[in-house]
Amino acid sequence: MSTGWTIADADGDIAALVYPVEDRPDLILCAFAGLLMDAGLRVCGLVQLRDPHREGSPGRVMVLDRWQVVDVGRPDGARGDCRLDAQWLDQMGAQAEASIRRGVDIVIVNRFVPLEAHGRGFRNAIRAASQTATPLVIAVPTFAFEGWTRFSSGMTVRLDCSLDSLLGWWNRIAKPEPPIVATGPRAGELTK
């Protein structure tokens, strides 16, 4: 799988939050985004919310720019591994790319899935983040990490699936004063 470009990430500003299937990276990413937004930072991207109690329901997504949950399941009869509407993900990826080019503090990407590997979804947003040195974190399932490594040419940081790991990475690369810590109005909002 060739991407046609290489991530230039010598400073570690692109991170993969690697998780086993039983983990909930969505809760960690939303808590992280909430902490950053509470600190006044501009966050863009989205997080797919996986709720084991809503089996069979359309895909729910937190659109971080608006801090709004929307249902964006695939249209009836659509095929593929992703539960979300691919056309909608393409549009969200284009919006994230435009936000990056205008200037945001961080991008949070839902998941690394075949869409990105095949040039769709958030692929161009990932590229724009790399080109502009905009920090980006992407959730990558353990089984897809090898594919992510090929996609990114190995030029990213690997993080454990924990809020502490994510905050440690952010505080190293962004050097915020004071550092961001795991407290705030939105930090536990989705983890309850």
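I began with helix H2, residues 86–102. At 1.5 Å a residue its 17 residues should span 24 Å, and the end C-alpha atoms are 24 Å apart, which agrees. The expected span is 1.5 Å times one less than the number of residues. Helices (H or I, at least four residues) and strands (E, at least two) are DSSP runs, numbered from the N terminus.

This is a predicted model: local features need pLDDT of at least 70, side-chain atom pairs count only at pLDDT 80 or more, and totals for chains, interfaces and linings use all residues. Residues are numbered from 1 along each chain as its sequence is written, and side-chain values use heavy atoms, with hydrogens and water left out.

**H2, sides and ends**

I listed the buried residues of H2: Trp 88, Leu 89, Met 92, Gly 93, Ala 96, Ser 99 and Ile 100. Buried means under 20% relative accessible area, exposed over 50%, partly exposed in between (1.4 Å probe, protein chains only).

I then looked at what covers them. The cover includes strands S2 (43–49), S3 (60–63), S4 (68–71) and S5, plus H3 and helix H4 (123–132). Contact here means heavy atoms within 4.5 Å. On the face turned away from the buried side I found the exposed residues Gln 87 and Arg 102.

Next, the ends. Asp 85 caps the N-terminal end, with a side-chain oxygen 2.8 Å from the backbone nitrogen of Gln 87. Gly 103 follows H2 and has a positive phi, near 115 degrees.

**Aromatic pairs**

I found five aromatic pairs in the structure. Rings of Phe, Tyr and Trp (its six-membered ring) pair if their centres lie within 6.5 Å; planes under 30 degrees apart count as stacked, over 60 as edge-to-face and the rest as tilted.

Phe 32 and Trp 170 pair edge-to-face, 6.3 Å centre to centre, with 75 degrees between the planes. Phe 32 lies in helix H1 (residues 25–38) and Trp 170 in helix H6 (residues 163–174), so the pair ties together parts 138 residues apart in sequence. Phe 32 is buried at 0% relative accessible area; Trp 170 is buried at 4%.

Phe 112 and Trp 148 are also edge-to-face, at 5.2 Å and 75 degrees. Phe 112 sits in the loop between S5 (106–109) and H3 (114–117), and Trp 148 in helix H5 (residues 145–151), so this pair ties together parts 36 residues apart in sequence.

Conventions: A polar contact is a pair of N or O atoms within 3.5 Å; within protein, one must be able to donate a hydrogen and the other to accept it, and residues adjacent in sequence count only if both atoms are side-chain atoms.
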